[in-house]
Amino acid sequence: MEKWKSDEIEMQYIDSHYPAADIGIVHLGLGAFHRAHQAVYIERNMARHGGGNWGVCSANIRSNHQLVIQLRDAGMRYHVAEYRDSCDVTIRAVRSVREALYAGPDGPDLETLLRRLSQPQVRIVTLTVTEKGYHLSPGSGDLLVESPSIAHDIEHPHQPQTAPGIMVEALARRREAGTAPFTVLCCDNMPHNGQRTRRAVIELASHRDSRLATWIEQNVAFPSSMVDRIVPAMTSRDLARLSELGVDDPAAVVCEAFSQWVVEDDFPQGRPDWEQEGVQMVADVAPFETMKLRMLNGSHSLLAYLGALDAVDTVSDAMQKPAFTAMLKRYMLAEAAATLTMPEGADLATYADSLLARFANDSLRHRLQQIAMDGSQKLPQRWLQGALINLRADRDVSCTALGVAAWLRYTAGTDLHGHRHVVDDPIAERLASLHATHQQPQSLVAAFLAQSDVFAAELADYPHFSQAIVDAWQALETDGVSATLRRLS
Ligand code: CS2
């Protein structure tokens with residue numbers, strides 16, 4: 001390890017040298033999060049063991065061929081910059097991703113990926129394809145058989161385009177060859193993410209061959225996991241900052257120093273001894289997953305829509321404003337923590353404080369627009385399932401109602417100052433047409449709440465919830481974000 005210190009910044013540089021490891025894991029979704037999270041745990045594990053057989057083949061299946069080329073050009077080595085704060089950074093060279101593939105539409109590597117997935121030595125498949133990559137209804141978790149990509153995979157099962165389709169084809173090949181199946185480890189921010197992934201794969205397989213679906217049901221393990229690390233999309237400013245520290249790497253990622261991975265311990269074909277790297281291997285991930293989704297991600301989404309409406313750029317910019325931090329505290333303790341049942345010893349007030357400190361880390365430029373993406377996919381697990389628990393118990397839901405109002409307003413495509421933004425969401429068009437049809441807040445809110453793939457029908461049993469959304473919408477329009485937040489606290 002190299003250490004380097006100037007008046008402005010203290011840097012550690014870690015570059016572990018170990019023999020090239022064999023590939024035992026295939027990952028789908030070679031984004032920044034994977035490179036800064038799972039790949040780092042695996043890197044540390046390989047450095048500890050001096051190589052081994054859990055190297056990763058990582059594939060992009062939808063976009064970003066460029067990154068695959070960059071990694072190959074760099075000899076399959078990239079850097080992760082972990083910022084404790086703006087004066088203290090650890091830069092790690094990562095070699096655990098041994099192979100990078102691009103198997104997206106018109107991508108050259110689909111067959112290579114499927115062959116890799118069929119090899120007996122590949123025993124785990126990990127995924128970070130974002131919530132929409134599973135093609136499930138966000139509220140119910142049903143497979144969207146009519147989505148064009150799933151319809152394509154049903155029609156052309158040997159040339160799959162989706163993550164579930166790729167897994168079904170690979171599992172079919174393994175079954176045919178008499179090879180034991182791999183374990184599927186979902187690393188996306190969804191509730192019961194193992195169960196959801198299992199459902200997508202089995203439902204899709206049943207359209208192809210019911211015996212294959214039964215074989216998957218009986219033989220494939222889908223453990224759930226909770227993943228946590230704040231990894232903003234890279235900016236040219238981040239690359240320039242790294243360059244000043246002597247790291248010129250177009251595939252580098254920046255993130256916070258904090259990282260957590262809680263994994264359900266169900267790996268019939270074996271796994272790395274991840275607990276050596278601080279991974280929590282547990283029997284039941286659900287409490288951790290729900291806590292993180294409602295407290296961390298729920299807070300992020302509140303910041304995203306309220307901040308974006310007020311032309312705030314990043315999470316740390318929003319945390320400079322006392323009205324935002326007061327609202328987050330109230331939401332986390334009164335509305336999110338109230339819905340959680342945690343194992344003994346868990347302290348949700350301390351967890352809330354640690355989240356506020358992480359959000360305030362101004363060495364990261366975590367753009368609210370990035371978090372605001374795909375709201376229809378995120379809201380059920382972040383806010384609405386918790387809101388329903390609170391409504392049933394006759395508890396406060398003011399922050400959640402304000403958040404829903406802010407999301408509705410955000411999906412109109414402008415902020416409260418009239419600046420336009422892109423609404424990046426799989427159902428953006430449908431939402432835009434609701435805005436075009438319903439001008440009055442009362443009817444607009446009713447039209448949104450009728451979108452049953454996002455809002456559970458039971459929410460309609462609590463008319464004061466929809467009224468609170470209407471009131472919050474009007475307050476935002478009339479008084480703006482700051483005054484509305486001040487009134488709330
Ligand atoms: C964020 C997450 O973009 C988002 O929706 O809430 O990516 C968040 O940063 C991670 O889940 C943190 O672990």
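I looked up His-192 and found it in the loop between β9 (183-186) and α7 (193-206), in what is a predicted model. Its phi is near 45 degrees, and I note that this is a positive value in a residue other than glycine.

I turned to Thr-130, which lies in the loop between β8 (124-127) and α5 (148-155) and has a positive phi of about 65 degrees although it is not a glycine. Thr-130 is also listed as partly exposed, with 19 other C-beta atoms within 10 Å.

I went on to the largest nonpolar core, which has 136 residues, and noted Val-125, Tyr-305 and Ala-405 as those with the most contacts inside it. The helix α10 gives the most to this core, with 11 residues, and the core draws at least three residues from each of domain 1 (2-282) and domain 2 (286-488). For Val-125, leaving aside its neighbours within four places in sequence, I found contacts that include Val-26, Leu-28, Met-167 and Phe-182.

Last, I asked which residues are around the ligand. I listed Asn-189, Asp-228, Arg-229, Ile-230, Asn-297, His-300, Gln-370, Ile-371 and Lys-378; α10 (286-309) and α14 (368-372) are the elements that give two or more residues to this shell.

Methods. Residues numbered from 1 in each chain as written. Predicted model: local features only at pLDDT ≥ 70, side-chain atom pairs only at ≥ 80, totals over all residues. Near = placed C-beta within 6 Å. Helix = DSSP H or I, 4+ residues; strand = E, 2+ residues; numbered from the N terminus. Core = buried A, V, L, I, M, F, W, Y, C linked by C-beta atoms within 7 Å. Buried ≥ 20, exposed ≤ 12 C-beta atoms within 10 Å, placed from the backbone. Domains from an automatic or database assignment. Contact = placed C-beta atoms within 7 Å.
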